[in-house]
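The following paragraphs lead the reader through parts of one protein structure. Please keep the sequence and the model in view while reading.

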Amino acid sequence: MRSLPSIIHLDMDAFFAAVEQAAKPSLRGKPVIVGGLGGRGVVSTASYEARRFGVHSAMPMAQARRLCPNAAFLSGRFEAYRQNSEIVMGLLRGLSPLVQPLSLDEAFVDLEAGPYGPVLAEADHETGERLVLALAEDLRADIHRLTGLTGSVGAAGSKLMAKIASEQAKPDGLVLVEPGQERAVLGPMPVRALPGIGPATEQVLRRAGLSTVADLADAGEAELVQLLGRAHGAGIFQMSMGLDDRPVVADQDAKSVSVEDTYEVDLADRDRVLREVDALAGRCVRRLRAAGRSGRTVVLKVRRFDFSTLTRSETLGGPTDDEAVITATARRLAEQVDITGGVRLLGVGVAQLADYTQEDLFAQALREEAAEHAEEVEAAVAEEEPEEAVVRRWMPGQDVRHTEWGPGWVQGSGVGRVTVRFETPWSGPGRVRTFGVDDPALEPARPLPLRQVEDPGGAGE
């Protein structure tokens, strides 16, 4: 454990929704919800204005619409999120070569490994803390100057406490936990505040009368090992004591992204298993996209009633983050598994990761293949029918450009029409115009930078 709070954790505030508000002046100060807009879509990120209505990440989009019907509901623009993530990560790497990104909008930084390391090493405790606070405040100011976005920063002597501190700092704040104060800070928190404690583990602990982190520390390692198993119990006890010596690992390259759930009652109905697989696949895709990645191999994990665990996997023709493709693949794998006796745990993961690309080539290939097949069938059935024009699809929030009106974004479309608001990140709220969906003057466009300034560090536009 360090004697100085020289590890910082940056977590951008409502990142996807904040990028949309910064890019679209008419949405600033208003509730914005980003996510899947289909019947089974879920919320990726909700702005703080939308959170006041009870909307949160991973909520079904239908429920979010009921809670906050007047919000702007937008599909994701991952190219824009990656552009701004690169600016932020460039600023972090200016502080230290040891930057460990956790997703597009979150990272740890080890200040002792950077240019201020020698000063921190020689400074007394009070001076060192003042320097850490100054660096963190400068970082937040630079992020806002270059992107217009806000981030929350936690500083501490360990990764665990730095992340806890950044949660306390939200939104748009800075919290420093002095080394030696870990147990005082953690003690009153609910057990779910510790990483690695999910709903199933929380229920086990609650049944044992353990509801706060202080309860875990007081219970002792032996009791937690008995409740949770040797590795998990020992790890939870160490965290409850505020002990964490994990180093910041630069450019950590995850080999896979996965989610799993343990069920209090074994699942014996195959339809229920498939519904759970669908939900897990959706969560896995959201985590995959948040990390800015795609992957080629879909993995299904099943732990049966007798605690035997098996995995099944299928490697696709190319990397994808398409939820329909990953869900369909996971379902195929689940249909091959014998669930006689019941299932205790299910997990869905994606491996063989690649950097996220705006055009999902594999999913696009599948759609093109399906379209070609449909064309062949249609031609065989009715060769003399006239060919129908392809109708362009416009997604809410999508960047567009009109030959006369310039850059804007799609507010909505339907019944052969598309409504566009023409504004830029640097203008005031713009005017709205409606066009036919096939208007040749209207074209998709790339995202504009959020600030008309140059980044002296070369981290972004």
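Strand β2 (residues 32-35) is joined to β3 by 3 bridges, and the two run antiparallel. Strands are DSSP runs of E with at least two residues, helices are runs of H or I with at least four residues, and both are numbered from the N terminus. Two strands count as paired if DSSP finds at least two bridges between them. Within this pairing, V34 stands opposite T45 in β3.

The model is predicted: local features need pLDDT of at least 70 and side-chain atom pairs count only at pLDDT 80 or more, whereas totals for chains, interfaces and linings use all residues. Residues are numbered from 1 along each chain as its sequence is written, and side-chain values use heavy atoms, with hydrogens and water left out.

The open sheet consists of 3 strands in the order β3-β2-β4, with mixed pairing. Because β3 (43-46) and β4 (72-74) stand at the edges with a single partner strand each, one side of each has no neighbour in the sheet. From one strand to the next, the twist averages 25°. Helix α1 (residues 15-23) lies across β2, β3 and β4, running at about 120° to β2; axes are lines fitted to C-alpha atoms, for helices over the stretch in contact (heavy atoms within 4.5 Å), and angles run from 0 to 180 degrees between N-to-C directions.

Elsewhere, S96 lies in the loop between α4 (78-95) and β5 (99-103). S96 has a relative accessible area of 1% and is therefore buried, a term that means under 20% with a 1.4 Å probe and protein chains only. Leaving aside residues up to four places away in sequence, S96 touches V109, D110, A113 and G114. The side chain of S96 also reaches the backbone nitrogen of L98 at 3.0 Å.

Key
Buried means under 20% relative accessible area, exposed over 50%, partly exposed in between (1.4 Å probe, protein chains only). A polar contact is a pair of N or O atoms within 3.5 Å; within protein, one must be able to donate a hydrogen and the other to accept it, and residues adjacent in sequence count only if both atoms are side-chain atoms.
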